[in-house]
Amino acid sequence: ENITADCYVLFNEEDLNKHFILLNQTKINLHEIKQIWNAIKVITKFKSSVQKSALEIARAAGWDDNLKEIETRVTTAIAALEEAGYVKRKQNMPRVFADSILSKTAQEAIDKIMFSQKFSEEQKITATRIIKSLFSSKSRKHLQSDEAEARVDYIADNLGLNIQNVISVVNLLRDENILSDSKDLTAFIKKGENKNRSLAITQSYGKIENFLCPLFDEQEKSFHIKELNEQAEEYGCKDVSPNKIKIILNFWAIKNWIKRQNKDYSKNHIVAISCQPQVELKERLEKRHILAEFIVGYLYDKSNKILEHDEPDKDEVLVEFSVLELQIAFAKQVQLFEVKASIEDIEDTLFYLSRIEAIKIEGGFLVVYNKLTIDRLENNNRVQY
């Protein structure tokens with residue numbers, strides 16, 4: 001909170017019309033800043049520090065224009081008021097209510113709501129409207145990255161509901177396992193001519209990791225990437241490259257499995273030391289390889305079902321899934337693998353698969369309330385901006 005920064009934009013006058021169209025869209029005038037200041041004076045009437053979303057502040061200011069432009073314009077106005085010393089903006093206070101919809105269809109969710117004993121009759125009507133809005137937002141997200149209506153303040157605004165009412169119903173939807181924290185995700189699965197290219201990439205990197213593992217121990221050693229590449233080829237790694245070795249070592253370093261640094265005189269010379277006994281590193285790799293191959297196989301099977309109703313010659317297929325779904329599916333195969341996987345293990349493996357580009361993870365789905373924290377410094381209501 002104590003760090004401040006200035007942002008400078010370098011531009012050519014001729015570029016303004018071509019590349020700075022957004023400046024006109026987000027341009028804010030003196031009258032609008034005054035409106036936001038008046039709104040802040042109202043909402044800080046009883047306490048000087050408040051937490052409100054940009055949309056709530058905009059509505060308090062009497063704005064009723066396009067939702068997409070509001071966030072930027074409100075924060076621009078608040079920045080101007082902060083510069084003038086009227087307010088101080090602190091860290092945002094986002095609250096995530098859910099990151100997945102467990103029901104496969106809106107109708108399935110509505111049926112669950114109607115049979116539930118937890119909702120009052122009035123709440124059932126509200127919950128039905130909210131779940132329809134969330135499904136609509138989720139489907140629109142695939143088309144145009146539009147996720148604004150998944151914010152509880154936007155839902156309340158769109159449906160004409162009180163925000164606390166929306167929050168209480170969303171919490172009931174969580175209690176009934178209609179909404180959850182199982183993490184909805186989408187991923188692009190690579191496909192070739194009747195082959196799982198994602199699996200081929202995963203197995204290729206797995207073999208390189210198996211080659212590298214015995215070379216690292218708790219004694220500091222020097223390595224030359226190109227020499228490691230040649231040795232890996234001799235080991236039988238067909239698709240190895242210096243870049244792939246660097247990706248693996250970088251991932252290991254991120255996970256704090258090894259510590260490594262480059263030599264000043266060469267980007268291909270590194271000094272590295274293992275942060276754990278070699279046996280532990282080997283066990284971690286084995287578990288991750290099992291999980292990685294299971295996940296890409298599982299998602300590949302899902303992609304085949306999609307292709308039955310879609311274009312069969314696509315190079316990449318978008319597949320919807322959740323972390324919880326993967327964990328449950330893997331648990332059913334536990335006799336086969338004799339390995340248990342936590343949610344963290346699944347997430348870690350997905351991170352690995354995205355780093356080696358076996359799959360391309362797309363954004364998830366959130367039901368969120370993003371509040372700005374604002375402290376009012378100028379307490380005289382007569383003061384105008």
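Colleague: Hi! In which sense do strand 7 and strand 9 pair, and over how many bridges?

Modeller: Strand 7 and strand 9 (residues 266-274) pair in the antiparallel sense, over four bridges. Helices (H or I, at least four residues) and strands (E, at least two) are DSSP runs numbered from the N terminus, and two strands pair if DSSP finds at least two bridges between them. This is a predicted model, where local features need pLDDT of at least 70 and side-chain atom pairs pLDDT 80 or more, while totals for chains, interfaces and linings use all residues. Residues are numbered from 1 along each chain as its sequence is written, and side-chain values use heavy atoms, without hydrogens and water.

Colleague: Which residue of strand 9 is the bridge partner of S222?

Modeller: That is V271.

Colleague: And what is the strand order in the sheet?

Modeller: The order is 7-9-8, an open sheet of three strands with antiparallel pairing. Strand 7 (221-224) and strand 8 (258-263) each have a single partner strand, so on one side each of these edge strands has no neighbour in the sheet. On average, neighbouring strands are turned by 30° against each other, direction ignored.

Colleague: Which helix packs on the sheet, touching strand 7 and strand 9?

Modeller: Helix 11 (residues 225-235) does, and its direction makes about 75° with that of strand 7. Angles run from 0 to 180 degrees between N-to-C directions, with axes fitted to C-alpha atoms, for helices over the stretch in contact. Helix 12 (residues 242-254) lies across strand 8 and strand 9, at about 130° to strand 8.

Colleague: How far apart are the axes of helix 10 and helix 12?

Modeller: They are 10 Å apart, and helix 10 (residues 197-212) packs against helix 12 at about 70°. Helix 10 makes the contact (heavy atoms within 4.5 Å) with S204, Y205, I208, E209 and L212. From helix 12 come K244, I245, I247, I248, L249 and W252.

Colleague: Switching to T202: is that residue buried or exposed?

Modeller: T202, found in helix 10, is buried, with a relative accessible area of 3%. Buried means under 20%, exposed over 50%, and partly exposed in between (1.4 Å probe, protein chains only).

Colleague: What is T202 in contact with?

Modeller: Leaving aside neighbours within four places in sequence, T202 contacts A292, E293, V296, L353, I356 and A358.

Colleague: Last one: which residues of helix 14 are buried?

Modeller: In helix 14 (residues 323-332), they are V323, L326, A329 and F330. Seen down the helix axis, these buried residues fall within an arc of 130°, so they line one face of helix 14. The arc covers directions from the helix axis to the C-beta atoms.
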